[in-house]
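Please keep the model open while reading.

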Amino acid sequence: MAVEADAFSLREVLAAFQTCVTEQREVLLGPYLRGWRGLIRFLHSLGAIFSFVSKDAVAKVQIMENYCGGEQREKYVSLQSMVEYELASGLVDLQKRSGRPDSGCRTVLRLHRALRWLQLFLEGLRTGTEDSRTSVICTDSYNASLAAYHPWVIRKAATVAFCALPSRNAFLEIMNVGTAEEAVAMLGEALPYICDVYGITQELFAQHKLLDLP
Ligand code: 1Q0
């Protein structure tokens, strides 16, 4: 896989997640979505086989960017302000998808579940060995997270696509943060920030009983 010097740096993506959490432990949507945009850019470089994933991810990030740049933008500064606003204004349908198909809460919930996959996948890459198979790391991470929310046909397509993933060393190289050892060290430093964003979001959504939004 060709690696352009300025193509993708995982460091920048992870830095975005790092700047998400404020001193008050709020999760800021701006950097959260920037982090996702970076990941999607990377996903594009993996080829057309992942386009069914990136299409959905782009659609969801786009919905959120529209809110963040829309009339109610000050309500969409953080996940906390979004949840408060959407719940108070009756914008979230707790029973069926058709009611409010694109609420910020249900859209972020999908990204949030995918963040758990990312956390497990990057942790698997970090702790793996040179000959660990990324398709196995990816499938295990997927089965332990997102798969529970996907119908059979998507699970199947995902598992087939995972077989096309590059080797662990190629992955560490595409991260563009130096040698394989440096990439592993960077993952070790950066992963706690993703865990933090995930943990705060999980607690917020659990508190408001939003973890099963249709
Ligand atoms: C590296 C390989 C990437 C593999 C991505 C794994 C996730 C597979 C997910 C398959 C999703 C399929 C498309 C549709 C799903 C929707 O039905 C579902 C629910 O939405 P809705 O509206 O129908 O209720 N949507 C989701 O679950 C959201 C899925 C978003 C997935 C976003 C994945 C973004 C991945 C980026 C690549 C990161 C790689 C990082 C490694 C960097 C190392 C250099």
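Q: What should I know about the model and its numbering?
A: This is a predicted model, in which local features need pLDDT of at least 70, side-chain atom pairs count only at pLDDT 80 or more, and totals for chains, interfaces and linings use all residues. Residues are numbered from 1 along each chain as its sequence is written.

Q: How many helices and strands does the protein chain have?
A: Helices (H or I, at least four residues) and strands (E, at least two) are DSSP runs, numbered from the N terminus. Here the protein chain has 9 helices and 0 strands. Its C-alpha trace spans about 50 × 40 × 25 Å along the principal axes.

Q: At what angle do the axes of α3 and α5 cross?
A: Axes are lines fitted to C-alpha atoms, for helices over the stretch in contact, and angles run from 0 to 180 degrees between N-to-C directions. Helix α3 (residues 51-69) and helix α5 (residues 104-127) have axes that come within 10 Å and cross at roughly 140°. Angles under 35 degrees count as roughly parallel, over 145 as roughly antiparallel, 65 to 115 as roughly perpendicular and the rest as oblique. α3 and α5 are therefore oblique to each other.

Q: Is the crossing of α3 and α5 left-handed or right-handed?
A: A crossing is left-handed if the near helix is turned anticlockwise from the far one by less than a right angle, and right-handed if clockwise. The crossing of α3 and α5 is left-handed, whereas α5 passes α6 in a right-handed crossing. The axes of α5 and α6 come within 8 Å and cross at roughly 145°.

Q: Which residues of α5 and α6 meet?
A: Two residues are in contact if their C-beta atoms, placed from the backbone, lie within 7 Å. From α5, Trp117, Leu120, Phe121, Gly124 and Leu125 meet Ile137, Cys138, Asp140, Ser141 and Tyr142 of α6.

Q: Which residues come nearest to the ligand?
A: A residue is near a molecule if its C-beta atom, placed from the backbone, lies within 6 Å of it. Among the 23 residues around the ligand, the nearest are Leu39, Leu43, Asp56, Ala57 and Ala114. α5 gives the most to this shell, with 5 residues.

Q: How does the shell around the ligand divide by class?
A: Ala, Val, Leu, Ile, Met, Phe, Trp, Tyr, Cys and Pro count as nonpolar, Asp, Glu, Lys and Arg as charged, and the others, Gly among them, as polar. The shell has 20 nonpolar, no polar and 3 charged residues.
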